[in-house]
Amino acid sequence: MEEDTDFRIRFSSLCFITDHVGFRGTIKSSPSDFIVIEIDEQGELVNKASDKPVYKVSKVLPEPNNLAKKAKLDLQILSFEETSNQEVSTLAGSSSDDHSFVPCSEKEDTIKDRTYKGEEENVDVLGSLLDEKTNELLNQFACDIKEKWDSKTELIGPFPEFSLGRILDKNQRATLHSAIRQKFPFLITVGKNSEIIVRPNLEYKELCHLVSEEEAFDFFKYLDAKKENSKFTFKPDMNKEHRKAVHHFVNKKFGNLVETKSFPELNDSADNPNVVITVRFRVKAHKHWKRSLLECQGRKDIYTAFTLRKENLEMFEAVGFLAVKLGVIPSDFSYAGLKDKKAITYQAMVVRKVTPERLKNIEKEVEKKRMNVFNIRSVEDSLRLGQLKGNHFDIVIRNLKNQINDSANLRERILEAIENVKNKGFVNYYGPQRFGMGRKVHTDQIGLALLKSEMVKAIKLFFTPEDLDDPVNRAKKYFLQTEDTKGTLSLMPEFKVRERALLESLHRFGVTEEGCIQAWFSFPHSMRIFYVHAYSSKIWNKAVSYRLATYGSRVVEGDLVCLDEDADNEQLPSSKVHLVTEEEESANTYAIHQVVLPVLGYNIQYPKNKVGQWYEEVLSRDGLQTCKFKIPTLKLNVPGCYRKILKHPCNLSYQLIEDHGIDVKKEGSHIDEATLSLLISFDLDASCYATVCLREIMKDDF
């Protein structure tokens with residue numbers, strides 16, 4: 001693999017829009033020298049005390065279930081009376097006929113149903129939610145599937161399915177999903193635009209090849225119920241190879257949800273023990289449980305908002321730590337944007353399925369990880385990426401010096417630079433943190449592999465080590481040499497949350513194309529799409545450099561311009577983007593600050609000039625000439641957007657200080673320039689980078 005020797009090379013080739021000389025200095029000497037505070041949509045700094053009702057101690061409500069989300073079936077819970085340590089087994093426990101199932105013929109054996117305590121008291125959920133005709137057709141569909149399977153007839157062509165129609169009420173949909181699966185475990189239900197579709201459960205049929213139908217029926221009911229502390233036991237089995245096949249099936253299909261173990265069971269008549277396979281829900285997945293349906297009816301998901309302060313901590317590491325402490329998964333967190341690692345950052349976050357009280361209870365543990373959570377309160381919904389006005393920055397630049405071979409007064413150079421960028425703006429490049437700080441592999445290279453559906457290559461790029469002898473890079477090197485996921489896990493430090501999440505999935509599913517697809521799903525959606533956005537960002541950076549080198553500050557025919565002066569960065573609707581005509585170029589109708597360039601996606605138009613041709617050539621070179629910017633296997637859609645090529649800092653102020661804090665901005669001050677530091681504060685729109693603004697001010701690539 002060719003080494004991308006230094007990320008600086010990529011940014012030293014980018015151009016400037018201003019013509020001042022600039023100066024040198026050091027940024028991010030420590031995290032406290034780079035403070036980032038998110039500005040919410042109302043224009044308020046999120047580190048300020050919220051004027052909304054904040055957390056108050058109150059009666060604790062039971063938490064919703066936080067089961068791992070990658071189960072093959074969209075398992076829902078039906079109401080069952082709580083009983084601890086309950087066992088569902090084909091060996092023990094009473095069985096009764098499923099009265100709601102209508103046999104297709106008198107010859108068909110009645111399906112025996114092992115029930116939980118209290119299930120007999122449940123109302124006929126299907127009868128109460130479906131009209132008589134639909135209920136009858138559903139029963140007939142179920143009978144038809146069973147008859148085909150019982151007659152050993154293979155389902156040829158597209159899998160048969162039955163639609164219950166659109167159910168607009170979310171709670172009713174959840175109830176129907178679960179009720180159907182409890183009544184007909186050999187069927188599965190899927191949701192599509194509020195429509196519930198019923199299909200054959202092919203995994204049920206596959207399990208029937210290994211165990212009796214009675215066991216398969218009970219096993220899938222057990223899975224759907226998700227009963228706390230419950231276990232399921234298959235019939236005794238003396239055949240070791242057969243038990244191995246059952247273990248393999250259950251762990252392959254549902255390994256993220258349950259675990260299997262074999263236990264000896266002494267026979268009454270012999271000393272030789274039978275062996276039974278027992279299935280239990282994983283403890284981590286069941287740290288917190290869903291309440292029963294009767295308790296949950298009418299209750300909305302719980303959302304708790306808070307402000308997160310973190311210091312010198314990567315965003316995804318912070319989210320991973322909080323997820324572990326709260327017993328949820330990273331995708332239960334939502335946020336408006338990513339923040340720098342080597343900095344002190346404040347940002348709004350929302351966590352789903354966690355009460356304010358529970359979040360308050362982990363405050364002390366969070367502080368040990370250089371984090372704080374405050375402004376804790378209940379809200380109605382999650383956050384979405386881009387749901388912010390911008391960010392405020394307080395930055396200290398130390399060790400200020402003139403550029404090499406520049407003998408001008410340093411104070412004057414600094415003043416000139418700041419005023420120049422304040423008036424003319426800066427080139428709105430994506431900053432280097434968008435691409436990672438690795439020297440060998442950048443996030444955009446992983447994104448390109450994902451866009452080309454090269455899943456194994458993307459994983460190996462992710463695990464490409466740097467030329468450093470530390471535990472993380474030793475673990476990565478070992479993985480690339482051996483593909484031994486279990487061994488790599490033992491080497492990978494605990495704090496590397498993303499690496500360990502991928503390795504755990506690869507250990508379960510294998511380092512194959514399909515296994516790598518499953519592994520990427522161990523990342524939340526926002527993290528998966530981050531890599532694709534990194535590739536799009538790299539192309540945009542190169543495109544704006546080409547645009548400025550080719551046409552300079554002139555607005556020319558074929559350029560794209562934004563017609564809405566107040567439009568947010570990257571939130572421009574296509575209706576507000578206009579293609580410049582020859583007449584408009586001649587009349588100088590538009591200014592350079594109105595020019596936008598497309599960020600790659602399936603729903604954008606390209607400039608109709610040399611820049612558009614450049615885009616085509618680059619995509620062809622990277623093998624994306626036919627790319628639709630959709631990755632169905634990873635559930636990623638990239639519509640694209642438009643980004644202004646120039647931006648201006650707002651509310652800019654600065655102060656020159658000595659290291660011991662004396663203000664030297666006043667006229668007549670004379671000090672040793674080597675002791676100077678610059679404290680600069682400004683606001684930027686969302687998705688703009690302070691390091692890029694500083695690069696334009698200082699004319700330095702740090």
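Trainee: How many residues does helix α12 have, and what should they span at 1.5 Å a residue?

Mentor: Helix α12, residues 410–424 of this predicted model, has 15 residues, which at 1.5 Å a residue should span 21 Å.

Trainee: Which residues of α12 are buried?

Mentor: They are Leu410, Arg413, Ile414, Ala417, Ile418, Asn420 and Val421. Viewed down the axis of α12, these buried residues fall within an arc of 160°, so they line one face of the helix.

Trainee: Which exposed residues does the face turned away from the buried side of α12 carry?

Mentor: That face carries Glu412 and Asn423. As for the buried residues of α12, the elements covering them include strands β1 (23–26), β16 (390–402), β17 (426–427), β25 (650–658) and β26 (676–685), together with helix α22 (690–698).

Trainee: What is found at the start of α12, and what follows the helix?

Mentor: At the start, a side-chain oxygen of Asn409 comes within 2.9 Å of the backbone nitrogen of Arg411. After α12 comes Gly425, with a positive phi near 90°.

Trainee: How many residues of helix α13 are buried?

Mentor: Of the 9 residues of α13 (residues 443–451), 8 are buried, so this helix is largely enclosed by the rest of the structure. The buried residues are Thr443, Asp444, Ile446, Gly447, Leu448, Ala449, Leu450 and Leu451. Just beyond α13, Ser453 adopts a positive phi of about 55°.

Trainee: How many residues are in the largest nonpolar core, and which have the most contacts inside it?

Mentor: The largest one here has 124 residues, and Trp520 and Ile680 have the most contacts inside it. Helix α19 gives the most to this core, with 13 residues. Apart from it lies another core of 39 residues, which includes Leu176, Ile180, Ile196 and Phe219.

Trainee: With which residues is Trp520 in contact, leaving aside neighbours within four places in sequence?

Mentor: On that basis, Trp520 is in contact with Ile446, Leu450, Met455, Ala458, Ile459, Phe462, Leu502, Arg528, Tyr531 and Leu634.

Trainee: Where is Ser526 placed, and with which side chain does its own side chain make a polar contact?

Mentor: Ser526 belongs to helix α19, residues 525–551. Its side chain makes a polar contact of 2.8 Å with the side chain of Tyr335. Not counting residues up to four places away in sequence, Ser526 touches Tyr335 and Leu385.

Trainee: Is Phe306 buried or exposed?

Mentor: Relative accessible area decides the matter, with under 20% taken as buried. Phe306 has a value of 1% and is therefore buried. This residue is found in strand β12, residues 303–311. Beyond neighbours within four places in sequence, its contacts include Leu322, Phe333, Met349, Val351, Leu359 and Phe374. Phe306 and Asn47 are 259 residues apart in sequence, yet their C-alpha atoms are 10.0 Å apart in space.

Trainee: What do the totals for the protein come to?

Mentor: The secondary structure comprises 22 helices and 26 strands. Buried residues account for 52% of the 702 residues. Among contacts between residues at least 6 apart in sequence, 75% join residues at least 24 apart. The accessible surface comes to about 33,700 Å², and 49% of it belongs to carbon and sulfur atoms.

Terms used. Residues are numbered from 1 along each chain as its sequence is written. This is a predicted model: local features need pLDDT of at least 70, side-chain atom pairs count only at pLDDT 80 or more; totals for chains, interfaces and linings use all residues. Side-chain values use heavy atoms; hydrogens and water are left out. Helices (H or I, at least four residues) and strands (E, at least two) are DSSP runs, numbered from the N terminus. Buried means under 20% relative accessible area, exposed over 50%, partly exposed in between (1.4 Å probe, protein chains only). Contact means heavy atoms within 4.5 Å. Accessible areas come from the Shrake-Rupley method with a 1.4 Å probe; for residues, only the protein chains shown count as cover. A polar contact is a pair of N or O atoms within 3.5 Å; within protein, one must be able to donate a hydrogen and the other to accept it, and residues adjacent in sequence count only if both atoms are side-chain atoms. The expected span of a helix is 1.5 Å times one less than its number of residues. The arc is that of the directions from the helix axis to the C-beta atoms. A nonpolar core is a set of buried Ala, Val, Leu, Ile, Met, Phe, Trp, Tyr and Cys residues joined through side-chain atoms within 4.5 Å.
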